[in-house]
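Hi everyone, thanks for coming. I'd like to walk you through a structure today, so please have a look at the screen with me.

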Amino acid sequence: MSARTNLAPTHPRALQKGPAPHPRRQRRGSPQLMLGLGLALTTIAWATPLIFIFLTSVKSQSDIANNLPWSLPTTWEWQNYAAAAERGDFWTGAANSAAISLIKVPFGLFFSSLAAFALARLNFPMRRVTLGVIALGALIPVQVALGPLFSTLLNLDLLNTKIGILFPYLAFGISYQVFILYGFFRAVPRELDESARIDGANTWTLYWRIILPLAKPALAALFILDFVATWNEYSMALALLQTPDQFTVPLNITNFQTQFTANIGQLNAYIMLSVLPVLVVYLLFQRYFVQGAFSGAIKG
Amino acid sequence: MTVTASRHPQLRRRRKVDAPPWVAVLFLAPTLLLFVGFLVYPMFMTVWLSFYEWTGFRIDTPTFVGLENYDRIFTKDPVFWTAFRNTLIWLMLSLAVPTVLGLLLALGLNNRIPARNLMRSLIYIPGVMASIAVATMWVWMFNPISGFVNSFLRLLGLGNFAQDWLGNPDTALLSIFIASVWQGTGFGMILFLAGLQNVPTELIDAAKVDGANRRQVFRAVTLPALRPTTVVVIVLTLINSLKVFDLIVGMTGGGPVQSTQVLALWSYTSSFTNHQFGLGNAIATVLLAISLLLVVPYMIWTIKGDRE
């Protein structure tokens, strides 16, 4: 509002030629400016918590207690990071999270692409029902199954192990991936299968050599999204992992928060450390996030 | 299909060339085994165990109690109804605030303006961070003494409003929701931005030639083209709001005085903290029923669309 009232009268032509000499210009010009202003303010609001956390992470205890949150550190306490990593066992957590993610994600994609291929390209009874049931899995909150998952892993002697948690991770991740890949495979023209078959390709060759390579962009996007999701997963890890040597990064954050409440600077350094890997992944593979969103937005 | 087949006689043998059903079973096997073993089976066990009383320890055996757990949560457990109400509030708020904000930001950032990629990234970045990290960040943001929120209010001369946001039952849930908006808006924005790329520019141009103004173009062309995206955003928002767990665990743990309990967390607390597996699973079953009620219509719609 204020942008409009301020700008219109100072426009030199507006002063010369009376009340509304260039209605189109004015109507476009000031909303455009207001739009830019609104977006800039929103972005600043969005960036504020990140800046605040970063500033806190490089401040000393007394600095945090005595100075304003937006003031720059009086001394830059970079050693907060090293201290936090050591106290909060960051590297154990990071190694656990990396191990789980790097096994879970490729296997999950492999299995779900196999299933999506069968559902999209092969004929068999109950095809549609199978697709529906698998897709339904993506829509169920995992908390519904936590109790029985706990007792299942307990009975299999896999509770509190990285191997054990892989099974529910895979089961709960597969649905969404099957759903997205199904949409991709479905879009490939049928004629391709037919000509490949006539050339003597068997079903495996058809999947591995022809259909799967066509879905590379979708696979890359799903890989990145799934890596981030697995790295960040909290509720299953909370229920199924119990000792600090098995903890993943998200569990370590709450652990640090409850154990060392008083040390705000280090806690914030710890948060920064824990989000850094996914931030790097995001910045490196930004376009895949958009592509992933694209494939999700297309009605499977 | 029939046209192609008649034009190329050799393709009529397609059915014979097609793989037999057992091949499909092989391709589906790993997925189905995992899916049945670690998703379907636990889900049925949840419903099954909701009729039992059990501590969850291996040394104890579950005893059948019929509908007693349901009787307890529906009539004797006040926290259940708080959790139920909060879940609904969360669902409504999530449908309204981050989705509309995401749409507005997408419409704004779809224009050619300076630094739009930077703005998109900054708004989206909280979405890739772990919810539990976001929760911990916002606990510090809301810290009553040195937190950003209260300091900023004092700076604006609104020091009277400064308070213990997460420690006050009246403000705790809304404060958590603010963190959720911060985290979730970017996701909706990216989906809507993707959807906006599907809006046919010829149609917009044609509408402009016909003399439509901006608002008319938006209502007649842009909005209808965004409909599939909107459906996806709404369904994902529904699912995600039923799942809300990490943020609440990390920010209040359901407190103060259970004022921020939601069904997912109350089910977890009953099972794992209070060792009342039957009760926890009864609450989970209610959550499951709500989820199915909300998403099955969408599923049917999608599968039907696939037929075309």
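When I say helix here, I mean a DSSP run of H or I with at least four residues, and helices are numbered from the N terminus. Keep in mind that this is a predicted model.

With that in hand, find Asp89(A): the residue sits in the loop between helix 5 (79–87) and helix 6 (90–121) of chain A. Its phi is near 50°, a positive value in a residue other than glycine. Why mention that? Because most residues other than glycine have a negative phi.

Now over to chain B, and the loop between helix 13 (246–251) and helix 14 (263–273), where you'll find Pro256(B). A cis peptide bond joins Gly255(B) and Pro256(B), with omega about -10°. For background, most peptide bonds are trans. Val257(B) lies in the loop between helix 13 and helix 14 as well, and its phi is positive too, near 40°. Val257(B) is exposed, at 74% relative accessibility.

Last stop, the interface. How many residues of chain A are in contact with chain B? The count is 106, and they meet 99 residues of chain B. About 9000 Å² is buried between the two chains, with carbon and sulfur atoms giving 77% of that area. On the chain A side, helix 3 (residues 23–57) gives the most, with 15 residues. By class, that side has 71 nonpolar, 26 polar and nine charged residues. Across the interface, the rule finds zero salt bridges, but nine residue pairs in polar contact.

Technical notes:
Residues are numbered from 1 along each chain as its sequence is written. Chains are lettered from A and ligands numbered from 1 in the order in which they are written. This is a predicted model: local features need pLDDT of at least 70, side-chain atom pairs count only at pLDDT 80 or more; totals for chains, interfaces and linings use all residues. Side-chain values use heavy atoms; hydrogens and water are left out. Contact means heavy atoms within 4.5 Å. Buried area is the accessible area (1.4 Å probe) that two parts lose on being put together, summed over both. A salt bridge is a side-chain nitrogen of Lys or Arg within 4 Å of a carboxyl oxygen of Asp or Glu. A polar contact is a pair of N or O atoms within 3.5 Å; within protein, one must be able to donate a hydrogen and the other to accept it, and residues adjacent in sequence count only if both atoms are side-chain atoms. Helices (H or I, at least four residues) and strands (E, at least two) are DSSP runs, numbered from the N terminus. Ala, Val, Leu, Ile, Met, Phe, Trp, Tyr, Cys and Pro count as nonpolar, Asp, Glu, Lys and Arg as charged, and the others, Gly among them, as polar. Buried means under 20% relative accessible area, exposed over 50%, partly exposed in between (1.4 Å probe, protein chains only).
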